[in-house]
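Visitor: I would like to learn how to read a protein model. Could you take me through some features, one at a time?

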Amino acid sequence: PPVSRLVAAARAAAADRFGVWRTRRSRERLEVQLVDGVDTLAGAVRSGASLAQAWELVARETAAPLGDVLRQVQGETGLGISQGEALRRAAGRVGSPDFAFAVAAITLAQETGGRLGETLARLAEGMRRRAKVQGRVKALTAQGRLSGWVMGAMPFALLGLLSVVSPEMVAPLFQSALGWLLLAGVTGMVAVGGLVIRRIVTVDV
(Lines give C-alpha, C1' and ligand atoms only; values in the text may rest on other atoms or scores of the structure.)
Protein backbone atom coordinates (compact mmCIF):
# COMPACT_ATOMS: atom_id res chain seq x y z
CA PRO A 1 0.00 0.00 0.00
CA PRO A 2 1.13 3.57 -0.63
CA VAL A 3 1.04 4.47 3.05
CA SER A 4 3.24 1.47 3.88
CA ARG A 5 5.78 2.56 1.27
CA LEU A 6 5.71 6.08 2.69
CA VAL A 7 6.26 4.73 6.20
CA ALA A 8 9.13 2.52 5.01
CA ALA A 9 10.78 5.48 3.28
CA ALA A 10 10.36 7.59 6.41
CA ARG A 11 11.94 4.85 8.53
CA ALA A 12 14.91 4.56 6.17
CA ALA A 13 15.40 8.32 6.21
CA ALA A 14 15.15 8.38 10.01
CA ALA A 15 17.70 5.58 10.36
CA ASP A 16 20.11 7.44 8.07
CA ARG A 17 19.67 10.66 10.02
CA PHE A 18 20.18 8.81 13.30
CA GLY A 19 23.46 7.39 12.00
CA VAL A 20 24.63 10.85 10.99
CA TRP A 21 23.57 12.22 14.38
CA ARG A 22 25.48 9.51 16.27
CA THR A 23 28.62 10.16 14.24
CA ARG A 24 28.39 13.90 14.83
CA ARG A 25 27.77 13.45 18.56
CA SER A 26 30.78 11.15 18.86
CA ARG A 27 32.95 13.67 17.04
CA GLU A 28 31.72 16.49 19.29
CA ARG A 29 32.53 14.46 22.42
CA LEU A 30 35.98 13.72 21.05
CA GLU A 31 36.64 17.41 20.42
CA VAL A 32 35.60 18.27 23.98
CA GLN A 33 37.97 15.61 25.33
CA LEU A 34 40.74 16.80 23.02
CA VAL A 35 41.23 20.08 24.93
CA ASP A 36 41.89 18.23 28.20
CA GLY A 37 44.01 15.71 26.32
CA VAL A 38 46.30 18.40 24.94
CA ASP A 39 46.49 19.92 28.44
CA THR A 40 47.61 16.54 29.77
CA LEU A 41 50.17 16.29 26.97
CA ALA A 42 51.55 19.69 27.92
CA GLY A 43 51.81 18.78 31.60
CA ALA A 44 53.51 15.47 30.87
CA VAL A 45 56.04 17.05 28.50
CA ARG A 46 56.80 19.83 30.96
CA SER A 47 57.44 17.23 33.65
CA GLY A 48 60.11 15.61 31.50
CA ALA A 49 58.25 12.89 29.62
CA SER A 50 58.82 12.38 25.92
CA LEU A 51 56.00 13.13 23.51
CA ALA A 52 55.50 9.41 22.90
CA GLN A 53 55.21 8.79 26.65
CA ALA A 54 52.81 11.73 26.95
CA TRP A 55 50.56 10.34 24.21
CA GLU A 56 50.60 6.96 25.95
CA LEU A 57 49.53 8.63 29.20
CA VAL A 58 46.62 10.41 27.51
CA ALA A 59 45.54 7.20 25.76
CA ARG A 60 45.55 5.33 29.07
CA GLU A 61 43.66 7.94 31.09
CA THR A 62 41.10 9.14 28.54
CA ALA A 63 37.69 7.55 28.04
CA ALA A 64 36.04 6.86 24.69
CA PRO A 65 35.86 8.11 22.03
CA LEU A 66 39.22 9.92 22.18
CA GLY A 67 40.78 7.22 24.33
CA ASP A 68 39.80 4.53 21.83
CA VAL A 69 41.34 6.54 18.98
CA LEU A 70 44.61 7.05 20.83
CA ARG A 71 44.80 3.44 21.96
CA GLN A 72 44.46 2.39 18.34
CA VAL A 73 47.31 4.79 17.53
CA GLN A 74 49.40 3.11 20.24
CA GLY A 75 48.60 -0.27 18.73
CA GLU A 76 49.76 0.87 15.29
CA THR A 77 53.00 2.31 16.67
CA GLY A 78 53.59 -1.04 18.33
CA LEU A 79 53.45 -2.61 14.87
CA GLY A 80 56.24 -0.36 13.63
CA ILE A 81 54.29 2.59 12.21
CA SER A 82 55.71 5.97 13.19
CA GLN A 83 53.65 7.90 15.71
CA GLY A 84 53.22 10.84 13.37
CA GLU A 85 51.90 8.61 10.60
CA ALA A 86 49.58 6.76 13.01
CA LEU A 87 48.17 10.08 14.26
CA ARG A 88 47.61 11.33 10.71
CA ARG A 89 45.76 8.11 9.89
CA ALA A 90 43.65 8.56 13.01
CA ALA A 91 42.84 12.13 11.98
CA GLY A 92 41.61 10.82 8.62
CA ARG A 93 39.38 8.23 10.29
CA VAL A 94 37.94 10.58 12.90
CA GLY A 95 37.05 13.35 10.44
CA SER A 96 37.44 16.08 13.06
CA PRO A 97 39.08 19.33 11.89
CA ASP A 98 40.11 20.07 15.49
CA PHE A 99 41.85 16.72 15.86
CA ALA A 100 43.58 17.10 12.49
CA PHE A 101 44.71 20.63 13.42
CA ALA A 102 46.04 19.47 16.79
CA VAL A 103 47.99 16.62 15.19
CA ALA A 104 49.45 18.95 12.55
CA ALA A 105 50.39 21.60 15.13
CA ILE A 106 52.01 19.09 17.50
CA THR A 107 53.90 17.39 14.67
CA LEU A 108 55.18 20.73 13.38
CA ALA A 109 56.24 21.85 16.85
CA GLN A 110 58.08 18.57 17.39
CA GLU A 111 59.89 18.81 14.08
CA THR A 112 60.92 22.47 14.45
CA GLY A 113 62.04 22.14 18.05
CA GLY A 114 61.52 24.77 20.71
CA ARG A 115 59.58 24.56 23.94
CA LEU A 116 57.07 21.86 23.15
CA GLY A 117 55.36 22.06 26.53
CA GLU A 118 54.58 25.75 26.14
CA THR A 119 53.43 25.22 22.56
CA LEU A 120 51.03 22.51 23.72
CA ALA A 121 49.70 24.72 26.52
CA ARG A 122 49.03 27.58 24.09
CA LEU A 123 47.35 25.14 21.70
CA ALA A 124 45.07 23.87 24.48
CA GLU A 125 44.16 27.43 25.51
CA GLY A 126 43.32 28.39 21.93
CA MET A 127 41.17 25.29 21.49
CA ARG A 128 39.38 26.03 24.77
CA ARG A 129 38.53 29.57 23.71
CA ARG A 130 37.31 28.36 20.32
CA ALA A 131 35.10 25.74 21.98
CA LYS A 132 33.60 28.43 24.23
CA VAL A 133 32.75 30.61 21.23
CA GLN A 134 31.25 27.62 19.42
CA GLY A 135 29.06 26.90 22.44
CA ARG A 136 27.73 30.45 22.47
CA VAL A 137 27.03 30.39 18.74
CA LYS A 138 25.23 27.05 19.06
CA ALA A 139 23.04 28.43 21.85
CA LEU A 140 22.18 31.54 19.83
CA THR A 141 21.18 29.51 16.74
CA ALA A 142 19.24 26.80 18.62
CA GLN A 143 15.87 28.47 17.95
CA GLY A 144 16.55 28.62 14.22
CA ARG A 145 17.47 24.94 14.12
CA LEU A 146 14.32 24.01 16.03
CA SER A 147 12.20 26.07 13.63
CA GLY A 148 13.76 24.22 10.72
CA TRP A 149 12.92 20.83 12.22
CA VAL A 150 9.32 21.87 12.96
CA MET A 151 8.77 23.31 9.49
CA GLY A 152 10.27 20.24 7.86
CA ALA A 153 8.21 17.77 9.87
CA MET A 154 4.89 19.62 9.72
CA PRO A 155 3.79 18.67 6.15
CA PHE A 156 4.51 14.99 6.75
CA ALA A 157 2.86 15.01 10.17
CA LEU A 158 -0.23 16.62 8.66
CA LEU A 159 -0.28 14.06 5.85
CA GLY A 160 -0.04 11.22 8.36
CA LEU A 161 -2.84 12.71 10.46
CA LEU A 162 -5.13 13.11 7.46
CA SER A 163 -4.35 9.53 6.37
CA VAL A 164 -5.75 8.33 9.69
CA VAL A 165 -8.63 10.79 10.15
CA SER A 166 -9.81 11.12 6.56
CA PRO A 167 -8.05 8.61 4.27
CA GLU A 168 -10.35 9.35 1.34
CA MET A 169 -9.05 12.92 1.32
CA VAL A 170 -5.42 11.92 0.74
CA ALA A 171 -6.06 8.79 -1.32
CA PRO A 172 -5.83 10.65 -4.67
CA LEU A 173 -2.26 11.65 -3.85
CA PHE A 174 -1.23 7.98 -3.90
CA GLN A 175 -3.47 6.81 -6.73
CA SER A 176 -2.42 9.05 -9.58
CA ALA A 177 0.76 10.24 -11.28
CA LEU A 178 -0.19 13.84 -10.50
CA GLY A 179 -0.53 13.00 -6.82
CA TRP A 180 2.92 11.41 -6.69
CA LEU A 181 4.32 14.41 -8.57
CA LEU A 182 2.80 16.75 -5.98
CA LEU A 183 4.26 14.68 -3.14
CA ALA A 184 7.67 14.75 -4.78
CA GLY A 185 7.40 18.50 -5.25
CA VAL A 186 6.47 19.10 -1.62
CA THR A 187 9.30 16.85 -0.44
CA GLY A 188 11.75 18.71 -2.65
CA MET A 189 10.60 22.11 -1.38
CA VAL A 190 10.84 20.95 2.23
CA ALA A 191 14.36 19.68 1.58
CA VAL A 192 15.42 22.95 -0.05
CA GLY A 193 13.88 24.95 2.79
CA GLY A 194 15.71 22.83 5.34
CA LEU A 195 19.01 23.37 3.56
CA VAL A 196 18.44 27.13 3.41
CA ILE A 197 17.65 27.29 7.13
CA ARG A 198 20.68 25.16 7.89
CA ARG A 199 22.92 27.48 5.92
CA ILE A 200 21.47 30.48 7.77
CA VAL A 201 22.00 29.08 11.26
CA THR A 202 25.42 27.50 10.53
CA VAL A 203 28.25 29.79 11.61
CA ASP A 204 31.84 28.65 11.18
CA VAL A 205 34.11 29.56 14.05
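**Reading the model, feature by feature**

Guide: Start with a pair of charges: Arg71 forms a salt bridge with Asp68, and their closest N and O atoms are 2.9 Å apart. The term salt bridge means a side-chain nitrogen of Lys or Arg within 4 Å of a carboxyl oxygen of Asp or Glu. This is a predicted model, where local features need pLDDT of at least 70, side-chain atom pairs count only at pLDDT 80 or more, and totals for chains, interfaces and linings use all residues. Residues are numbered from 1 along each chain as its sequence is written, and side-chain values use heavy atoms, with hydrogens and water left out.

Visitor: What separates Arg71 and Asp68 in helix α3?

Guide: About one helical turn, because they are 3 residues apart in helix α3. Helices are DSSP runs (H or I, at least four residues), as are strands (E, at least two), numbered from the N terminus.

Visitor: Which parts does the salt bridge of Arg93 and Glu76 tie together?

Guide: The side chains of Arg93 and Glu76 meet at 3.3 Å, N to O. Arg93 lies in helix α4 and Glu76 in helix α3, so the pair ties together parts that are 17 residues apart in sequence. Arg93 is partly exposed at 42%. Glu76 is buried at 12%.

Visitor: How many salt bridges does the structure hold?

Guide: It holds 11. One of them joins Arg115 and Glu118, with the closest N and O atoms 3.2 Å apart. Arg115 is exposed at 61%, while Glu118 is partly exposed at 33%. Salt bridges can also link up in a network, as they do for Asp39, Glu125, Arg128 and Arg129.

Visitor: Which residues gather in a patch of positive charge on the surface?

Guide: First, the rule: patches are made of residues with over 30% relative accessible area and no salt bridge, joining like charges within 9 Å and nonpolar side chains (Val, Leu, Ile, Met, Phe, Trp, Tyr) within 5 Å. Areas come from the Shrake-Rupley method with a 1.4 Å probe; for residues, only the protein chains shown count as cover. Lys and Arg count as positive, Asp and Glu as negative; His and the chain ends are not counted. Each charge is placed at NZ of Lys, CZ of Arg, CG of Asp or CD of Glu. Here the positive patch gathers Arg17, Arg22, Arg24, Arg25, Arg29, Arg145 and Arg198. Its largest share, 5 residues, comes from helix α1 (residues 2–46).

Visitor: Which residues make the nonpolar surface patch?

Guide: Leu158, Leu161, Val164 and Val165 make it, over about 420 Å². Leu161 lies in helix α7 (residues 142–165).

Visitor: Is Ser96 buried or exposed?

Guide: Ser96 is buried, at 2%. Ser96 sits in the loop between α4 (83–94) and α5 (97–112). Contact means heavy atoms within 4.5 Å. Not counting residues up to four places away in sequence, Ser96 touches Arg27, Leu30, Glu31 and Ala91.

Visitor: What about the peptide bond from Ala64 to Pro65?

Guide: Most peptide bonds are trans. The one from Ala64 to Pro65 is cis, with omega near 5°. Pro65 is found in the loop between α2 (51–61) and α3 (66–78).

Methods
Buried < 20%, exposed > 50% of the residue type's maximum accessible area, 1.4 Å probe, protein only.
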